[in-house]
Amino acid sequence: MSLFSSRPKLLVFDVNETLLDLRKLQQAINAEFQSESAFKQWFSFLLQYSLVDTVTQEYHDFASIGEGALDMVAQALGQPVRPTARKKELLQLVSELPAHPDVAPALTALKEAGFRMVTLTNSGGSTVKKQMAYAGLTDFFEQLRSVEDVKRYKPHPDTYLTTCRQLKVEPKEALLVAAHGWDVAGALRAGLQAAFISRPGQAQYPLAPRPTHEAATLEALARQLIG
């Protein structure tokens, strides 16, 4: 489903969950803590405390917050904090995630239709390069962008607006593509168009503006955009 909008000049893709399937990481973290809720707790802590950093004008890279979030999961479950080497081993899986099956066909169609495409992720710059290389997606993108450029995590408006400014497009000419309601809300509040991809378990924020586009898969979104 799509609302009326102008054809975007730039597509800005979130990476984790939107493009990449996190199940390998989910299974590893749940197994490590012997809890089916461990991954969800970890991911919630990761997002929550990246926002704490941004709101309090602090910055730690996403990997460091990820390690801290593993410590918090251990504390919440009444388990020992894992050694640093083990935490790094678990989080190395972030760089070894496959793309969702709909991603490559959708990106191929969008590239052939002439769309400019970049990533914008809370992961670090070196991490997103590894992620895209592992998933075989690097060549689809004009740039692999990270919030490291501004040291403010999404959904802070500076993260979106800096990308627009550096890619020389007006915010209204850019479309964020994400499977997270908070990311879509942030982009819309910053003046961008936004597309919500309804990956399993994800939901839109009901108090945010309606997204410009909604689709179950990236292939469905590509069809909407290409027309």
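**Figure 1. Charges of the chain and their mean positions.** In this predicted model, the mean position of the 24 positive charges and that of the 24 negative charges are 4 Å apart. Lys and Arg count here as positive and Asp and Glu as negative, while His and the chain ends are not counted. Each charge is placed at NZ of Lys, CZ of Arg, CG of Asp or CD of Glu. Because the model is predicted, local features need pLDDT of at least 70 and side-chain atom pairs count only at pLDDT 80 or more, whereas totals for chains, interfaces and linings use all residues. Residues are numbered from 1 along each chain as its sequence is written, and side-chain values use heavy atoms, with hydrogens and water left out.

**Figure 2. The fold of the chain as a whole.** Nine helices and six strands make up the secondary structure listed for the chain, where helices (H or I, at least four residues) and strands (E, at least two) are DSSP runs numbered from the N terminus. The radius of gyration is 17 Å, close to the 17 Å that the globule rule gives for 227 residues, so the chain is as compact as a globular protein of that length; this radius is taken over C-alpha atoms, and the rule is 2.2 Å times the number of residues to the power 0.38. Of the 227 residues, 52% count as buried, a word that stands for under 20% relative accessible area, with exposed meaning over 50% and partly exposed lying in between (1.4 Å probe, protein chains only).

**Figure 3. Helix α3 and what covers it.** Helix α3, residues 62-76, has 15 residues and reaches 20 Å from its first C-alpha to its last, close to the 21 Å expected at 1.5 Å a residue; the expected span is 1.5 Å times one less than the number of residues. Among the buried residues of α3 are Phe-62, Ile-65, Leu-70 and Val-73. The cover over the buried residues of α3 includes α1, α2 (38-55) and α4 (84-91).

Figure 4. Arg-199 lies in the loop between β5 (193-197) and β6 (213-215), and it counts as buried at 8% relative accessibility. Leaving out residues up to four places away in sequence, Arg-199 touches Glu-17, Thr-18, His-100, Asp-102, Val-103, Ala-179 and Leu-218, where contact means heavy atoms within 4.5 Å. Glu-17 belongs to the loop between β1 (10-13) and α1 (23-33) and, at 16% relative accessibility, also counts as buried. The phi of Glu-17 is positive, about 80°, although Glu-17 is not a glycine.

Figure 5. The peptide bond from Lys-154 to Pro-155 is cis, with omega near 15°, and Pro-155 is found in the loop between β3 (143-146) and α7 (157-166). Lys-168, in the loop between α7 and β4 (174-178), has a positive phi of about 60° although it is not a glycine. With a relative accessible area of 75%, Lys-168 is exposed.

**Figure 6. Glu-219 and its contacts.** Glu-219 lies in helix α9, residues 218-226, and counts as partly exposed at 33% relative accessibility. Apart from neighbours within four places in sequence, Glu-219 is in contact with Asp-102, Pro-105 and Ala-106. The C-alpha atoms of Glu-219 and Ala-109 are separated by 8.4 Å, although these two residues are 110 residues apart along the chain.
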